[in-house]
Amino acid sequence: MTKVLITCVNYNSYNELHAFLTSIDIATQAVMDRCTVQVVIADNSAKKQTIDTTPYPHIHCTVQDVPNNGYINSAQEAMMQYGTSLITEADFCIISNVDIRLKENFFVNLLATDIANIGWIAPRIYTPSTQAEENPQVLQRYSKRKLQLLKLLYTYPILSRCYDYTYHLIRRKHRNQAGKTLAKQYIYSGHGSIFIFTQAFMRHVFPFNFPCFLYGEEIFFAEKVRLNGLVTYFDPQIEVENTSAHVSTGRMAYNNRCRYSAIALDYILKTFY
């Protein structure tokens, strides 16, 4: 039996969490004869609520209350509470936000993927509110100069706002192309709303020990994939829907988002460049 472990991070987003669990439960029913799905809920909410997992009979759910140390660190804490040996035994280890929905054929297509030499699988992520395809996100490795420029922009929020405005204008211009040119391909990094890691990758890198609170996760994992002789692979047949972009971080003050981004880029530059 193939083992899939999903660790989702919930920060004050219980409605989104239950919708996500429903989508996992539905998608699991198509592969129950050859796959088990374990869901670890990393709940780092400020105001905890009881999470009833009985409506999801086809998946195994565990709730771990963890401190809010950011996206990846909260996920790692919950995974370590669950058991490090169980993490590295999983054939696929998925880390995600809760504001996404798996398509019904998600696991069918995941299990059909040839994962030889693959460390990270980036699925198709479609955001209806912006009509945007989030993957493939980055095809080639960033240059050092590009990251230095981005760090400079995030150091000065007014410059960052100008950059974001221009970036989203370009995205709106091209959004009608969504879904028309998607093809399986090797890429540098995918979008961070959901990471699908293989067992080969997890055995090399877990625990992650990512030192930043937020942002930079995609580059961090892309570099870890590269340094361990593996590749990142975009497969549009594995599909999710992104229902509300930045359900947690969107509530954060813009200046704080810039500060965390600059800190993360500083770490990336010092560590990998």
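I began with strand pairing and looked up Asn-10, whose bridge partner in E2 is Asp-43. This is a predicted model, and I keep that in mind for every entry below. I then followed the two strands as a pair and found that nine bridges join E1 to E2, which run parallel. Strand E2 is mostly covered, since I see that eight of its nine residues are buried.

**The pocket**

Next I asked which elements supply at least two residues each to the lining of the second largest pocket. I found strand E1 (2–10), strand E2 (35–43) and helix H3 (84–89). The volume of this second largest pocket is about 160 Å³, and its lining includes Lys-3, Thr-36, His-60, Tyr-82 and Glu-89. When I sorted the lining by residue kind, I got six nonpolar, three polar and two charged residues.

The largest nonpolar core here has 51 residues, and the members that touch the most others are Ile-95, Phe-197, Met-202, Phe-208 and Phe-221. Helix H9 gives the largest share of this core, nine residues. I also noted a second, separate core of 33 residues, with Ile-59, Leu-102, Phe-107 and Leu-110 among them.

Leaving aside residues up to four places away in sequence, I listed what Phe-208 touches: Ile-72, Gln-76, Ile-95, Phe-197, Met-202, Phe-220 and Phe-221.

I then turned to Tyr-267, which I located in helix H9 (residues 254–272). With the residues up to four places away again left out, Tyr-267 touches Phe-210, Pro-211, Cys-212, Phe-220 and Phe-272. From C-alpha to C-alpha, Tyr-267 lies 11 Å from Glu-217, although the two are 50 residues apart in sequence.

**Backbone details**

I kept in mind that most residues other than glycine have a negative phi, and that most peptide bonds are trans. Where are the cis bonds that I looked up? One runs from Asn-135 to Pro-136, with omega near 0°, and Pro-136 sits in the loop between strand E7 (132–133) and helix H5 (144–155). Another joins Phe-206 and Pro-207, with omega about 0°, and Pro-207 belongs to the loop between helix H7 (199–205) and helix H8 (217–227).

Tyr-215 is found in the loop between H7 and H8, and its phi is positive, near 70°, in a residue other than glycine. Asn-117, also not a glycine, has a positive phi of about 70°. I placed Asn-117 in the loop between helix H4 (106–111) and strand E6 (118–127), and I noted that it is partly exposed, with a relative accessible area of 45%.

Notes: Residues are numbered from 1 along each chain as its sequence is written. This is a predicted model: local features need pLDDT of at least 70, side-chain atom pairs count only at pLDDT 80 or more; totals for chains, interfaces and linings use all residues. Side-chain values use heavy atoms; hydrogens and water are left out. On a 1 Å grid over the protein atoms alone, a cavity is a set of points where a 1.4 Å probe fits but cannot get out, and a pocket is an open set with protein on both sides within 12 Å along at least five of seven lines; lining residues have an atom within 4 Å of a point. Grid points are joined across faces, edges and corners, and a volume is the space filled by probe spheres set on the points. Helices (H or I, at least four residues) and strands (E, at least two) are DSSP runs, numbered from the N terminus. Ala, Val, Leu, Ile, Met, Phe, Trp, Tyr, Cys and Pro count as nonpolar, Asp, Glu, Lys and Arg as charged, and the others, Gly among them, as polar. Contact means heavy atoms within 4.5 Å. A nonpolar core is a set of buried Ala, Val, Leu, Ile, Met, Phe, Trp, Tyr and Cys residues joined through side-chain atoms within 4.5 Å. Buried means under 20% relative accessible area, exposed over 50%, partly exposed in between (1.4 Å probe, protein chains only). Two strands pair if DSSP finds at least two bridges between them.
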